[in-house]
Amino acid sequence: MTKKGLIIISILLCLVSFNTFAADKIVGFSQIDNQNPWRLAETESIKSEAALRGYELKYADAQADQANQVKAIRSFIAQGVDGIILAPKTSSGWDPVLLEAEEAGIPVVLVDRNVDSDPDLVVTFIGSDFVLEGEMIADQMIHDLGEGPLKIAELQGQPGADPTVDRAKGFRNIIDQYANIEILLSQTGEFNRVQGKQVMEAFLKAEGGKIDAVYAHNDDMAIGAIQAIEEYGLVPGKDIWIGSIDGVRDAFVALADKKLNVSVECTPLMGPSAFDALEAAWNGEELQDWIVNEDGVFPMDAVTQEVLDSRKY
């Protein structure tokens, strides 16, 4: 046999060996829900990365119910998966099921939201600095509108969720330094466009003439708020300043249309990092407790058609 033939056979054997190994690995992914573009993008990132690496993925949509996530994880454990990726709905209530995974020798990687359990129960948390995101929104608002007087309507995310708590904290870290800036109204919109619109409608009915700015904990609620403001007869982005977080495509369209003043990006594309972490765990490697995603700030004037066309989600 020629040398070239031996090289080809060696390459094929390596590929077969890799694929056999990959086919033996089964990963469970528990997603909170798929109610907005950001979640859909995160789900697609993890599904596509599993396929790229040749792993079988067992996927469970919890439909925004933590109890469903716990059931899904226990099902993954019972099926003997090799690893679990968890996007937790809330920060508390995970100790028992994480202990069960640990006892079964199954590594768990957290994505986009952290939990208040012992860090040793998970491989790592992969996500953004939510406090910093809230601070970025407040800084941009003050840059655009000045130091007050300003009255703000806040659309909070799901109660008890890590980003809700931290994004509220970060925003207040900044505005509490200014005596003439206050949060006039604050209520959950559950990270949901429809509920964000409904809450904003109630805010406008109650204090429409007093609201200077809207701080939405995610873009989807901001889009709902924009719709409510337009129906109320005001111009979003002009009559009422609006800032939100996530950086989804609909937000970039609103930025380009001058209806949203700023969006802070919180990337949902965590598939590569999540599987890198699982593979590190399978190899016995130690990772830091928190792998921080980098966030970007996109004010209205920075969003051109070229930027819009470049968006992946």
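**Pockets and a cavity**

I began with the second largest pocket, which holds about 160 Å³ of space. A reminder to myself before going on: this is a predicted model.

I listed the lining of the second largest pocket and got 14 residues. D144, G237, W241, N261 and M300 are the ones nearest its centre. Which helix gives the most to this lining? Helix 5 (residues 130-145) does, with three residues. Sorted by class, the lining of the second largest pocket comes out as six nonpolar, three polar and five charged residues.

Next I turned to the largest pocket. I noted about 320 Å³ of space for the largest pocket. Its lining has 17 residues, and nearest the centre I found D120, L121, V122, V123 and E286.

How many cavities of 30 Å³ or more does the structure hold? I found one, and about 180 Å³ of space lies in this largest cavity.

I wrote down the lining of the largest cavity too: 17 residues, with W38, R39, R113, F191 and D246 nearest its centre. By class, I have six nonpolar, four polar and seven charged residues in that lining.

Where does the lining of the largest cavity come from? Domain 1 (26-128 + 268-293) and domain 2 (130-266) each contribute at least three residues to the lining. Among the helices, helix 2 (37-53) and helix 6 (162-175) each supply at least two residues.

A polar atom of the N36 side chain lies 2.9 Å from the backbone nitrogen of R39. N36 itself sits in the loop between strand 1 (26-31) and helix 2. Is N36 buried or exposed? N36 has a relative accessible area of 9%, and because the cut-off for buried is under 20%, I logged N36 as buried.

Last, I checked the record. An unreviewed UniProt entry carries the annotation "domain: Periplasmic binding protein" over residues 27-286. I ran the span through the model: residues 27-286 are 46% helix and 20% strand, and the end C-alpha atoms of the span lie 19 Å apart.

How values were computed
Residues numbered from 1 in each chain as written. Predicted model: local features only at pLDDT ≥ 70, side-chain atom pairs only at ≥ 80, totals over all residues. Heavy atoms only, no water. 1 Å grid on protein atoms, 1.4 Å probe; cavity = no way out; pocket = protein on both sides within 12 Å on 5 of 7 lines; lining within 4 Å. Points joined across faces, edges and corners; volume = space filled by probe spheres on them. Helix = DSSP H or I, 4+ residues; strand = E, 2+ residues; numbered from the N terminus. Nonpolar A, V, L, I, M, F, W, Y, C, P; charged D, E, K, R; others polar. Domains from an automatic or database assignment. UniProt positions renumbered as here; feature names shortened; annotations may be inferred. Buried < 20%, exposed > 50% of the residue type's maximum accessible area, 1.4 Å probe, protein only. Polar contact = N/O pair within 3.5 Å; in protein donor to acceptor, adjacent residues only side chain to side chain.
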